[in-house]
Amino acid sequence: LNNTLIIFDRFSLENANIVIFAKSGAGKSYTTKLEALRHLMLGTDVIIIDPENEYENLSSAVGGSFFRISLASEHHINPFDIPVIPDDETAADVLKSHIANLAGLIKVMVGTVTPQEDALLDRAISETYAARDISPDRDFTNAEPPLLEDLETVLRGIEGGAELAERLYKFTKGSYAGFTNQKTNIDLKNRFIVFSIRDLEEELRPTAVYIVLNFLWNIIRADRKQRMVIVDEAWWMMKNPDSAQFLFGLVKRARKYGLGVTTVTQDVEDFMLSPYGRPIITNSSLQILLKQAPAMLDLIAKTFNLSDSEKNFLLEVPVGQGIFVAGLQHAPIQVVASYLEDQIVTTKPR
């Protein structure tokens with residue numbers, strides 16, 4: 001057990017990508033919160049996507065920032081914020097990459113698009129930025145970024161764009177506008193940051209996570225230091241191909257920028273059946289498997305090449321115990337917290 005924990009701390013220093021799979025009540029949130037706390041103590045900045053307000057107490061205990069993202073929230077992120085240009089990248093490359101990510105976000109918002117609409121959307125986003133003198137061949141450092149409603153206006157002025165504009169309306173002037181059509185007003189200077197999406201409707205959660213991660217990615221690329229991003233209930237992102245692809249791209253490129261990405265999920269089937277689920281696992285250095293539901297065990301066993309005894313172990317293991325996977329090596333693990341750590345991360349009524 002001690003050797004396993006030492007290995008885990010060494011990987012923490014290297015900002016490894018990690019996946020955590022467990023059924024509800026198996027201790028995955030406890031494990032994740034403990035991991036976040038220890039990363040923070042080791043000097044790594046921690047950012048968490050929190051679907052159920054489970055990290056609010058931890059954020060308060062360490063003096064972190066807790067942002068509630070909802071339709072009526074006072075905290076806003078403008079998805080059209082202009083990305084900062086890293087020293088080793090060109091403005092043209094960064095802006096083009098950002099436009100591609102925005103196109104993926106818009107497709108999550110409006111649903112399935114045809115190839116013609118996809119091309120039209122790419123053109124419309126570029127024209128939306130160009131209207132504010134933001135283009136690859138200009139210095140746009142101090143330019144005022146557009147809002148989502150500006151894209152809707154551009155779409156209505158392009159032949160064939162009216163239908164996309166109508167589908168976007170609820171995010172610009174309709175019931176979702178308070179969430180997606182506002183200027184950014186949050187500060188990310190804190191070393192421990194939590195974005196809570198609990199108060200959002202289920203259909204908006206993939207959009208919210210995409211917006212937050214894209215916002216973070218623009219900052220991470222420009223200001224490189226040791227960071228860890230935790231995406232709890234990551235299966236929300238896997239429900240849509242565009243958001244799943246974005247999450248995979250983040251995991252794949254993370255280490256180059258000093259970033260470790262931890263994906264946590266209890267819905268193993270949704271995660272694994274996505275074409276990007278397995279690549280996310282293979283791009284993660286470490287996997288933590290806690291107690292599993294019988295229905296998902298065969299899928300888990302096939303993915304991680306578990307033996308019959310390991311399968312049985314994951315069916316019967318107590319809360320907080322499981323299997324630690326690093327490459328081809330498997331080891332039983334127990335999540336052990338100090339008294340003070342337990343008081344901070346536990347959600348038990350006691």
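The points below concern a strand, a helix pair and a loop residue in a predicted model.

1. Residues are numbered from 1 along each chain as its sequence is written, and side-chain values use heavy atoms, with hydrogens and water left out. In this predicted model, local features need pLDDT of at least 70 and side-chain atom pairs count only at pLDDT 80 or more, whereas totals for chains, interfaces and linings use all residues.

2. Buried means under 20% relative accessible area, exposed over 50% and partly exposed in between, with a 1.4 Å probe and protein chains only. In a regular strand the side chains alternate between the two faces of the sheet.

3. β1 runs parallel to strand β6 (residues 259-265), joined by 4 bridges, and T262 is the bridge partner of I18 there. β1 also pairs in the parallel sense with strand β7 (residues 286-289) over 4 bridges, where V19 has Q287 as its bridge partner; pairing requires at least two DSSP bridges between two strands.

4. Helix α4 (residues 91-110) packs against helix α9 (residues 205-222) at an angle of about 170°, with the axes 9 Å apart. Axes are lines fitted to C-alpha atoms, for helices over the stretch in contact, and angles run from 0 to 180 degrees between N-to-C directions.

5. P275 lies in the loop between α12 (268-273) and α13 (277-282), and counts as exposed because its relative accessibility is 64%.

Technical notes:
Helix = DSSP H or I, 4+ residues; strand = E, 2+ residues; numbered from the N terminus.
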